[in-house]
Structures are given as C-alpha cells and as structure tokens.
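Okay, thanks for having me, everyone. Let me put the structure up.

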Amino acid sequence: MKTNSIKASIENSFSKQVQKDSSIKNAYLLVNSEKLGIHLNLAEGSMGDLPANPQQPNYMASVGKLFTSTLISILYEDGKLSFDDKITKFLDDELISNLHIYKGKDYTQEIKIKHLLQQTSGLPDNFWPLLDELIKNQGLDISPREAVIWAKNNLEPDFPPGEGFKYTDTNYHLLGLIIESITNEPFHAALRKFIFEPLNMKHAYMLHYSEPIEKSQYPTADFFINETRMNDMKGFGSLDYSGGGVVATTNDLLKFMKALVTHQIVTEETLDEMMSNPQKFGPGIDYGYGIWQITTVPILMPKKFNSWGVVGATGAFMFYHPKTDAYIMGNFNDVSYQRKAVRFMLSNVINPLSKYKGKI
C-alpha cells in the first residue's frame with residue numbers, strides 16, 4: 001500500500017467505527033510515522049452541540065500508569081530508589097501495617113517496588129469496587145491513601161509477592177505515594193516537574209488535581225463508564241490518581257512517547273529494564289513496568305503486530321510500533337472499549353501500516 005492509501009484506510013475505518021457504534025460519543029486518533037511520511041490527527045463524534053476536535057485534551061485512564069512507572073524510573077536514575085527496594089523503606093507504618101496478609105501470613109515486608117510496577121505484588125484491586133461505590137454515591141471523595149487502606153481492610157490478596165500476576169490500581173496508588181515520599185511534593189506536582197514541563201506538554205494535567213501549563217481553548221472530552229459521564233466527579237480523580245489520572249491532548253502524548261522511545265526521559269538501559277522480564281498478561285500480551293508488550297503468537301498474533309505501549313479502561317491507548325517507527329494513540333472515551341480499542345489499533349492501524357510498499 002502507498003502512503004495515501006494507508007492514510008485513507010485508517011481515516012475511513014476510524015470514522016466508520018465511531019459512526020456504527022452508538023456507545024461512542026466522541027473519539028480521537030493520532031498516527032505519526034516519519035519513516036512512512038504519515039501524520040494523522042483525527043477526531044469523530046461530538047460533545048453536545050460541539051463537534052469533537054483533535055486538539056481536545058482527553059482523560060487517558062490507565063495510560064497514566066506509564067507516566068507513573070516513568071517517574072519511578074527517573075527517580076531510579078537519580079539514585080533515589082532501586083527497583084529492588086522494599087516498599088516499607090518509603091511508606092509509613094499506618095499505611096503498610098497488615099497490608100498483605102495471605103492465608104494468615106504477613107508478606108508486607110517482602111513487597112518490592114518492582115512487584116508494584118509489574119503487577120506481581122498479589123495485592124487486591126481497589127479500583128472497580130470503589131468505582132461502583134462512587135457511581136452509587138457521586139459525592140464520595142476518597143484520597144489515594146484512603147483507597148489503599150480501604151483495600152487493605154475490605155479485600156484479600158491473591159498470592160504472595162512475586163508468585164503471580166494481577167493487574168491492580170492499588171499497586172500504582174502505592175507507587176504514587178512512594179513518589180510523594182521521595183520528592184516531598186504531591187504526585188501531580190512531581191509529574192509536572194519531571195515530565196510535563198521538560199517535554200512542553202502544555203495541555204497536560206492531572207484530573208481534578210492540577211491545571212495545565214496552558215489552558216486549552218477546547219473542553220476536555222467527555223468520557224463515560226456504564227453510560228455515566230465521569231468528567232465532573234471529583235472523587236474519580238482521587239480514585240484513579242497515579243493509577244491513571246493523566247489528561248492530555250494526543251499531540252502532548254506524542255511528545256511523551258517520542259521522548260521515551262528516543263531516550264530523552266530515561267536512558268536506553270533503563271527503558272530496557274522497564275521492559276525486561278515481563279509478566280504474562282494474556283495471549284500475545286506481556287507486561288513490564290507499566291508497559292504492555294504485544295508479542296508474537298503464531299496465527300493469533302503475527303510478528304507484524306509487535307509493539308509496546310499502554311492501554312486505559314475507557315478505550316484509551318498509546319503505542320509505539322518499531323517496524324514502521326509509528327506512534328499510535330487515541331481514545332474512544334467509553335469503558336466498553338477497554339478491549340475493543342486494542343483490537344481496532346492492531347487491525348485498522350498497525351495492519352495497514354505494515355503493508356507499506358513505498359521507498360523508505
């Protein structure tokens with residue numbers, strides 16, 4: 001396929017996907033490959049009477065986990081922590097007392113930072129049960145610290161640290177609290193200081209916690225969970241927090257991913273560490289330090305799909321495809337797309353990109 005055909009294929013499939021699915025109110029897609037000479041920045045749908053605009057900031061859900069793991073990696077390079085450090089080194093007794101009791105044994109002292117990053121701590125997930133409470137009681141306002149304590153008091157761990165894999169926001173809440181402990185400033189301030197400002201991500205901010213460097217002329221895109229618009233629920237910002245509270249435009253996300261891929265934020269060695277010894281997340285998907293890695297599985301996941309990035313529950317995604325040097329990010333802004341978004345990216349973006357037949 002030639003460049004124009006690839007661009008037309010991606011644009012058409014994106015437009016049709018939004019138009020055919022009534023659950024999607026607004027959706028966004030950016031595809032950038034200097035290698036192929038492709039740059040698309042698309043928006044479909046609307047927000048009330050306003051058409052969706054490619055320059056709108058988007059709440060990116062668990063895409064924010066890659067920002068959190070990157071912050072931890074920056075502190076690692078600064079000599080402030082080791083991935084093998086035990087979390088008890090940084091967190092207070094009230095928070096960690098009896099944090100991980102599994103089958104009558106206390107494993108809290110065995111939890112390491114890398115266990116939180118790789119989702120292998122065994123701790124339970126506080127996000128979905130607390131989200132159910134928030135939707136029933138939209139005035140609920142629980143701090144990230146309180147969310148961890150709630151999980152400790154109401155849920156059970158699944159396995160000893162390092163002996164399994166369970167995707168949980170509790171792990172990333174704890175990472176955010178560790179970042180605060182080390183930097184002596186709020187997580188959102190550390191995020192701005194170490195990532196947003198150096199990369200000039202001028203429209204990026206933390207949901208209900210901070211303001212962007214420069215206010216966008218466009219409103220933040222509406223996002224939905226089970227038909228409930230979540231934008232204005234203050235408690236949701238605390239519930240997601242360092243597990244996924246980043247709001248940004250696709251252009252700002254492109255700046256971040258380019259900087260990460262080209263080792264402007266952390267070194268090549270550190271990025272390799274973030275992707276080494278990944279855990280099995282699912283068929284064809286491994287999980288590093290907040291990084292999803294799409295890997296080859298014969299027939300099911302051909303080599304052409306090999307890529308890495310991160311996914312959010314509202315159909316948000318941010319990936320790099322090395323074969324075509326393509327950066328792919330977007331959002332369908334509805335929880336029904338937490339899996340469908342990845343399938344769309346693979347089938348309707350990476351697949352046509354991989355068919356490029358021009359000169360490079």
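So, first, what do I mean by an aromatic pair? Rings of Phe, Tyr and Trp pair if their centres lie within 6.5 Å, and for Trp that's the six-membered ring. Keep in mind that this is a predicted model.

With that in hand, how many aromatic pairs does the structure hold? There are 25 of them. Take F67 and F256: they're stacked, at 4.0 Å centre to centre with 25 degrees between the planes. This pair links distant parts of the chain, since F67 sits in helix α2 (residues 64-77) and F256 in helix α10 (residues 250-261), 189 residues apart. And both F67 and F256 are buried.

Now for Y167 and Y287. Here the ring centres are 5.9 Å apart and the planes are at 85 degrees, so we call the pair edge-to-face. Y167 is in the loop between α6 (144-154) and α7 (169-183), while Y287 is in strand β12 (residues 285-287), so parts 120 residues apart in sequence get tied together. Are these two buried or exposed? Y287 counts as buried because its relative accessibility is 0%, whereas Y167, at 22%, counts as partly exposed.

There's also one aromatic cluster made up of F14, F317, F332, Y337 and F344.

Last stop, the surface. K35, K303, K323 and K357 form a positive patch there. One of them, K303, is in the loop between β13 (292-294) and β14 (307-312), and K303 counts as exposed because its relative accessibility is 65%.

That's it from me.

Technical notes
Residues are numbered from 1 along each chain as its sequence is written. This is a predicted model: local features need pLDDT of at least 70, side-chain atom pairs count only at pLDDT 80 or more; totals for chains, interfaces and linings use all residues. Side-chain values use heavy atoms; hydrogens and water are left out. Patches are made of residues with over 30% relative accessible area and no salt bridge: like charges are joined within 9 Å, nonpolar side chains (Val, Leu, Ile, Met, Phe, Trp, Tyr) within 5 Å. Accessible areas come from the Shrake-Rupley method with a 1.4 Å probe; for residues, only the protein chains shown count as cover. A salt bridge is a side-chain nitrogen of Lys or Arg within 4 Å of a carboxyl oxygen of Asp or Glu. Lys and Arg count as positive and Asp and Glu as negative; His and the chain ends are not counted. The place of a charge is taken as NZ of Lys, CZ of Arg, CG of Asp or CD of Glu. Helices (H or I, at least four residues) and strands (E, at least two) are DSSP runs, numbered from the N terminus. Buried means under 20% relative accessible area, exposed over 50%, partly exposed in between (1.4 Å probe, protein chains only). Rings of Phe, Tyr and Trp (its six-membered ring) pair if their centres lie within 6.5 Å; planes under 30 degrees apart count as stacked, over 60 as edge-to-face and the rest as tilted.
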